[in-house]
Amino acid sequence: MAQNLQCLDLGLIGNGHVSALVDPDGAIVWYCTPRLDGDPIFCSLLDGDPAERRLEGSFAIELEGCVDTHQSYLENTAILRTVQRDAQGGALEILDFCPRFRQGGRSFHPSAFVRLIRPLGGDPRVRIRVRPRRDWGAAPCETTHGSNHIRYVGSPGGVLRLTTNAPITSILEGRPFILNRPVALVAGEDRQLAEAPLTVAQDFLRRTRGWWQDWTRTLAVPFEWQDEVIRAAITLKLSCFEDTGAIIAAPTTSIPEAADSSRNWDYRFCWLRDSVFVVRALNRLGATSTMEGLLSYLNNLIAGVGGEVPELQPVYGINWEADLVEREIDTLRGFRGIGPVRVGNDAYRQVQHDVYGGVVLALSQLVYDRRILSVDPEALLPRLEEAGRLARRFFGAPDAGIWEFRGSARPHTHSSLMCWVACDRLARVYRHLGRAADAERWGTEAVRMRDTLVDEAWSDELQSFTASFGGDTLDASVLLMFELGFLPPDHPKMLATLDAVEAELLRDGFVYRYTEEDDFGAPDNAFLVCTFWFVDALAMAGRVEDARRIFERLLSARTRLGLMAEHIDPATGELWGNFPQTYSMAGIINCALRLSRSWEGAV
């Protein structure tokens, strides 16, 4: 895989409240404040070709005469290390992280980040250039400064305060200086630090490193692909907005799915469907706190309408915002100059009936999991019942579907499959609680839906389940029938569907979501999570060696730091789409757990 093609070769840091993307040269090119969906005061990621080395909208740390850089994460953490070297033996390291640890009996995860620069050899001369912008890149932030801090006034009236032991004048003027001692750059809320910036930075580093390593130590990782799974789990954890429990699809907006495709979307919101599958992946590793957070988010979302489940949107803001009005802005040129840049997402207006199955799939965890004591399972039943009633009502009804078609509505197979999931899981919940009559009631409904799906979504001509009832096109989302247990994995119709997807949608080792034209034409690139679904289905169908081969190819498509976007160009290996994408990272976990040799059989 040609790694040098990756314009998305970026490092992610974060703490559950904010996150940042750092380029291979150590510049922060994306940082939203005061939270994950805020104004990106460092926004150069979306302002032209990275090769231009555009400084506006970035936070650059540059070794003069640098000839080599290398990046890695400190083991089992979200702390990024960048090493820069010059030709005369001068070298420095940058440690980037967002503070995260326990303090005063509570989680400490402020809107802040720390950059700790340390000399490694020679006499390195370093230049620090901080060029934040406000209002989506419309104007530079105004600055004021004191003896050891600089204030950057953003929008709407927000302030980023940078406290440091570096020469303030050198930062303001962008002049280089000899790095002969460690330098700390602590950026965050507009308040004075309690101690010297270097003392604070080193303390935050120690405690943040300890927090992440303690967290990863609790993960029930598979025997194989441990490093890959741990990095995926950390990345998913960074996608959780811990104040509410929401899980964003990605920390970025408007990185296109393909060049000049206009498929540029804002992913800094909580899609209910994606979140459920993400949290299921983390739960399989034993990371239950993230599951509890999402369940709290869903519970609050549902409880907001008189205790009844409303006709749910597919996506909400991270603080339960319902209106995510989409607009295009002209103050940023776009990723690699490819516009438009969009803020908000009109998918919130769409009808997507799969959400009810996702709600039941998520909330039913509270009935089974004995580790979660904060919610009375019986109190959830009315909400589960209402979700089931809505699933029954909308089963087979036209909608925008999982791929969010903007120009058409059809009775999508996946949406109806998830309506079946709602009823089937309700029946299981009631059986678990010993309520036979209710279990039979919902079980009968689930059987009816399953029979209808088999009749209406199956094509004798294609020998496959299709994208919609009575349709004649394929859709990779039918692969989820395997994971969701719609029919036994060795059922002839399931095996035939797997063969059809392989023949039609698998290209150069990667699976396309579909090949038909939609509102923007035919898709140019493969959808990475669909390939993970394919791997999972292959394994469940008994084709384990084929599954392992394609999974290894998927892992080779990750960046040097182990991250993945949403799409890939199968011909070049170049990643496209918002980055890093939670659904793709969840796919790594699910497939590794499915395919790995057991610990008992391996050691």
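Student: At what angle do helix 2 and helix 3 pack, and how far apart are their axes?

Tutor: In this predicted model, helix 2 and helix 3 pack at an angle of about 120°, and their axes are 11 Å apart. Their crossing is right-handed.

Student: Which residues of helix 2 and helix 3 meet?

Tutor: From helix 2 come Trp211, Trp212, Trp215 and Thr216, and they meet Ile230, Ala233, Ile234, Lys237 and Leu238 of helix 3. By class, that contact of helix 2 with helix 3 divides into seven nonpolar residues, one polar and one charged.

Student: What about helix 3 and helix 15, at what angle do they pack?

Tutor: Helix 3 covers residues 226–238 and helix 15 covers residues 582–595; the angle is about 145°, with the axes 9 Å apart.

Student: Is the crossing of helix 3 and helix 15 left-handed or right-handed?

Tutor: The crossing of helix 3 and helix 15 is left-handed. On the helix 3 side, the residues that meet helix 15 include Glu228, Arg231 and Leu236. Helix 15 brings residues such as Met585, Ile588 and Ile589, among others, to helix 3. This contact has nine nonpolar, two polar and two charged residues.

Student: Okay, new topic! In what order do the eight strands of the open sheet lie?

Tutor: The order is 7-8-9-12-20-18-17-16, and the pairing is antiparallel. Strand 7 (66–73) and strand 16 (142–145) are the edge strands, each pairing on one side only. From one strand to the next, the twist averages 15°.

Student: How many bridges join strand 9 to strand 12?

Tutor: Seven bridges join strand 9 (residues 91–97) to strand 12 (residues 113–121), and the two run antiparallel. Ile94 stands opposite Ile117, which is in strand 12.

Student: Which strands does helix 2 touch where it packs on the sheet?

Tutor: Helix 2 (residues 197–217) touches strand 9, strand 12, strand 18 (159–164) and strand 20 (183–188). The direction of helix 2 makes about 100° with that of strand 12.

Student: Which residues lie nearest the centre of the largest cavity?

Tutor: Those are Tyr267, Ile402, Trp403, Glu404 and Arg513. Helix 4 (272–284) and helix 13 (528–540) each supply at least two residues of the lining of the largest cavity. By class, that lining has 14 nonpolar, three polar and 10 charged residues.

Student: How much space lies in the second largest cavity?

Tutor: About 120 Å³ lies in the second largest cavity. It is lined by 15 residues, and Glu483, Phe532, Trp533, Gly587 and Asn590 are the closest to its centre.

Student: Which elements give two or more residues to the lining of the second largest cavity?

Tutor: Helix 11 (480–483), helix 13 and helix 15 do. The lining of the second largest cavity has 11 nonpolar, two polar and two charged residues.

Definitions and conventions: Residues are numbered from 1 along each chain as its sequence is written. This is a predicted model: local features need pLDDT of at least 70, side-chain atom pairs count only at pLDDT 80 or more; totals for chains, interfaces and linings use all residues. Side-chain values use heavy atoms; hydrogens and water are left out. Axes are lines fitted to C-alpha atoms, for helices over the stretch in contact, and angles run from 0 to 180 degrees between N-to-C directions. Helices (H or I, at least four residues) and strands (E, at least two) are DSSP runs, numbered from the N terminus. A crossing is left-handed if the near helix is turned anticlockwise from the far one by less than a right angle, and right-handed if clockwise. Contact means heavy atoms within 4.5 Å. Ala, Val, Leu, Ile, Met, Phe, Trp, Tyr, Cys and Pro count as nonpolar, Asp, Glu, Lys and Arg as charged, and the others, Gly among them, as polar. Two strands pair if DSSP finds at least two bridges between them. On a 1 Å grid over the protein atoms alone, a cavity is a set of points where a 1.4 Å probe fits but cannot get out, and a pocket is an open set with protein on both sides within 12 Å along at least five of seven lines; lining residues have an atom within 4 Å of a point. Grid points are joined across faces, edges and corners, and a volume is the space filled by probe spheres set on the points.
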